[in-house]
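Hello,

Here is the structure you are taking over.

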Amino acid sequence: ARLLRRAAHTLLGAARTLGVKYSMDLAERLERAGQSGDLQDALEVSEQLRIAAGDVLSHLSDYVRDHAA
């Protein structure tokens, strides 16, 4: 659970950098799950984060494509 907490904390920092509130909330929840050892909640949240990350990457790709020189 310690590694999970650290990974979630790293994800939280990345989400903050990108300003992605929904992903920030999920990463905070995942971090709490890691702290408490609640692996069932961690599994649920990690799936939600996987979907959210795909959405963020899609938006970033669209932005880059639309603003390429």
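With a relative accessibility of 17%, aspartate 41 counts as buried, because buried means under 20% relative accessible area. Please keep in mind that the model is predicted. Aspartate 41 lies in helix α3. If neighbours within four places in sequence are left aside, aspartate 41 touches Arg29 and Ala33.

**The nonpolar core**

Ala33 is also one of the eight residues of the largest nonpolar core. Two elements, α2 (21-36) and α3, each supply two or more of the core residues. The biggest contribution is that of α3, which gives four residues. In general, nonpolar side chains in soluble globular proteins tend to be buried together.

Which residues does leucine 30 contact, leaving aside its neighbours within four places in sequence? The contacts of leucine 30 are Leu4, Ala8, Leu11, Ala42, Val45 and Leu49.

**A nonpolar patch on the surface**

Some nonpolar residues are at the surface: Leu18, Leu57 and Leu60 form a patch there. Together they have about 280 Å² of accessible area. Leucine 57 is placed in helix α3, which covers residues 39-67. Is leucine 57 buried or exposed? Leucine 57 counts as exposed because its relative accessibility is 54%, and the cut-off for exposed is over 50%. Helix α3 therefore holds both the buried aspartate 41 and the exposed leucine 57.

Regards

Conventions: Residues numbered from 1 in each chain as written. Predicted model: local features only at pLDDT ≥ 70, side-chain atom pairs only at ≥ 80, totals over all residues. Heavy atoms only, no water. Patch = residues over 30% accessible without salt bridge, like charges linked within 9 Å, V, L, I, M, F, W, Y side chains within 5 Å. Areas by Shrake-Rupley, 256 points an atom, 1.4 Å probe, with all protein chains shown as cover. Salt bridge = Lys/Arg side-chain N within 4 Å of Asp/Glu carboxyl O. Buried < 20%, exposed > 50% of the residue type's maximum accessible area, 1.4 Å probe, protein only. Contact = heavy atoms within 4.5 Å. Core = buried A, V, L, I, M, F, W, Y, C linked by side-chain atoms within 4.5 Å.
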